[in-house]
Amino acid sequence: MVGRAGRWFCPVGKPLDGECQFMANAIEIEDLRKTYKGSGGQPPKEALKGVNLSIPQGSIFGLLGPNGAGKSTMINILAGLTIKTSGKVSIWGFDQDVNPRQSRAAIGVMPQELNLDPFFTPRGALEVQAGLYGVPKRDRRTDEILEIIGLTDKADAYARNLSGGMRRRLLLGKALVHNPQILVLDEPTAGVDIELRQMLWANVRRLNEERGLTVILTTHYLEEAQEMCDEIAIINHGELIKRDTTKNLLGMMDAKTLLVEPEGTVPDSFDLPEGVKLERRRDGSLAFDFSRGQTSVGALLDAVRNAGITIGDVRTLEPDLEDVFVELTSSK
Ligand code: ADP
Ligand code: MG
């Protein structure tokens with residue numbers, strides 16, 4: 001994958017030796033804290049409580065957590081929109097406090113809220129955004145971006161006449177005008193219909209694969225994180241509670257379900273290995289919940305056969321991120 005192996009990073013204007021370092025992470029966050037001051041008699045709110053996190057170059061990285069977990073706070077700090085209380089943030093090798101301009105230039109954010117000026121056309125909105133980032137006219141890629149987000153034929157329509165889905169795509173386009181190395185999507189598909197969701201994801205995957213863009217997305221949809229992300233960090237109450245590859249997160253679950261479709265009759269009760277729970281489903285199938293540490297599939301199937309049940313079909317159901325999430329957050 002592009003960018004995966006990392007690259008040599010040298011501060012601008014420095015010679016190739018000396019201060020250069022090998023950089024494999026797009027983002028490095030150390031002990032990041034944010035406390036919002038209370039307003040209107042509200043107590044202060046500690047939204048981030050010392051988060052450490054690194055995000056590899058070239059990945060599609062998921063920041064997963066329930067509402068109020070601190071995801072947007074983290075994203076907005078990365079984007080330079082919210083000021084952190086303390087901690088260190090490096091973006092594409094640039095310390096935010098030392099090189100604010102470069103660190104901001106490396107990242108493009110598609111915000112959670114639809115904040116578009118209704119009197120701009122997509123073309124106009126992209127041009128203004130490019131101007132804000134100081135992209136010279138000759139370097140602008142307005143037509144290319146319109147193509148990427150599928151708005152070429154709406155380029156000159158007023159934003160107020162665009163559908164909700166088109167507006168969201170325009171927000172994605174705005175995040176891309178300055179050609180950032182890192183694209184951040186804050187809850188990009190909350191309240192978005194399936195068709196647009198698929199399209200957004202296809203766009204994002206292509207940007208990741210063809211241009212090596214590092215993508216960070218926040219979501220509270222576990223399914224989305226599971227489907228899209230190589231790696232996932234789970235955040236809850238302002239703390240990072242887990243960070244691993246999606247594959248490992250799914251693999252850590254001990255609980256499994258064996259689904260048996262019986263042929264013929266099933267006795268009302270029969271012996272099962274210890275710890276196994278049976279649920280009789282309405283379609284006649286038998287779902288056995290068991291823990292891999294305690295029982296094997298073989299022992300379970302033996303018990304089913306010993307009960308005189310003829311097995312028509314059998315399969316195991318793997319746990320999904322939903323299970324992992326419940327397991328990790330339930331102790332809190
Ligand atoms: P998420 O994006 O995961 O839903 P947020 O980062 O938006 O979470 O919010 C984290 C916590 O900080 C929440 O309790 C929220 O109410 C609070 N919060 C967010 N923004 C502000 C703000 N501007 N002022 C005060 N509290 C805030
Ligand atoms: Mg949010």
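Modeller: Let us start with helix α3, which covers residues 122-132. Remember that this is a predicted model. Five names matter here: Pro122, Ala125, Leu126, Gln129 and Ala130 are buried. Look down the axis of α3, and its buried residues fall within an arc of 135°, so they line one face of the helix. What do the buried residues of α3 pack against? They pack against two helices, α4 (142-148) and α5 (164-176). Just after α3 comes glycine 134, with a positive phi of about 70°.

Is glycine 173 buried or exposed? Its relative accessibility is 0%, so glycine 173 counts as buried; the cut-off for buried is under 20%. Set aside its neighbours within four places in sequence, and glycine 173 is in contact with Leu126, Ile145 and Ile149. Leu126 is one of the buried residues of α3. Take Ile145 next. Glycine 173 and isoleucine 145 are 28 residues apart in sequence, yet their C-alpha atoms are 5.9 Å apart in space.

Asparagine 179 lies in the loop between α5 and β9 (182-186). Its phi is near 55°, a positive value in a residue other than glycine. Most residues other than glycine have a negative phi. Asparagine 179 is partly exposed, with a relative accessible area of 49%.

Tryptophan 92 is not a glycine either, and has a positive phi of about 55°. Find it in the loop between β6 (86-91) and β7 (94-95). Tryptophan 92 has 10% relative accessibility, so it counts as buried.

Next, helix α6, which runs over residues 194-211 and holds arginine 197. Which residues does arginine 197 touch? Not counting residues up to four places away in sequence, arginine 197 touches Thr189, Val192, Glu223 and Glu224. Glutamate 224 is 27 residues from arginine 197 along the chain. The C-alpha atoms of these two residues are separated by 9.7 Å.

Now turn to ligand 1. Which residues are around ligand 1? They are Tyr36, Lys45, Ala47, Pro66, Asn67, Gly68, Ala69, Gly70, Lys71, Ser72 and Thr73. By type, this shell divides into 4 nonpolar, 5 polar and 2 charged residues. Two elements, β4 (45-56) and α1 (71-78), each supply at least two residues of the shell. The largest share, 3 residues, comes from α1.

Look at the backbone around the ligand. A backbone N or O atom of glycine 68 lies 2.7 Å from an oxygen atom of ligand 1. For serine 72, a backbone N or O atom lies 2.8 Å from an oxygen atom of the ligand. For alanine 69, the corresponding distance from a backbone N or O atom to a ligand oxygen is 3.2 Å. Taken alone, ligand 1 exposes 560 Å², and the protein buries 62% of that.

Stay with the shell for one more residue. Threonine 73 is in helix α1. Its relative accessible area is 8%, so threonine 73 is buried. Leave out residues up to four places away in sequence, and threonine 73 touches Lys34, Tyr36, Ala47 and Leu48. Tyr36 and Ala47 are also among the residues around ligand 1.

Finally, step back to the whole chain. How many helices and strands does the protein chain have? The secondary structure comes to 10 helices and 16 strands. The chain has 332 residues, and buried residues make up 44% of them. The protein chain exposes about 17100 Å², with carbon and sulfur atoms supplying 47% of it. Among contacts between residues at least 6 apart in sequence, 68% join residues at least 24 apart.

Notes. Residues are numbered from 1 along each chain as its sequence is written. Chains are lettered from A and ligands numbered from 1 in the order in which they are written. This is a predicted model: local features need pLDDT of at least 70, side-chain atom pairs count only at pLDDT 80 or more; totals for chains, interfaces and linings use all residues. Side-chain values use heavy atoms; hydrogens and water are left out. A residue is near a molecule or strand if one of its heavy atoms lies within 4 Å of it. A polar contact is a pair of N or O atoms within 3.5 Å; within protein, one must be able to donate a hydrogen and the other to accept it, and residues adjacent in sequence count only if both atoms are side-chain atoms. Accessible areas come from the Shrake-Rupley method with a 1.4 Å probe; for residues, only the protein chains shown count as cover. Helices (H or I, at least four residues) and strands (E, at least two) are DSSP runs, numbered from the N terminus. Ala, Val, Leu, Ile, Met, Phe, Trp, Tyr, Cys and Pro count as nonpolar, Asp, Glu, Lys and Arg as charged, and the others, Gly among them, as polar. Buried means under 20% relative accessible area, exposed over 50%, partly exposed in between (1.4 Å probe, protein chains only). The arc is that of the directions from the helix axis to the C-beta atoms. Contact means heavy atoms within 4.5 Å.
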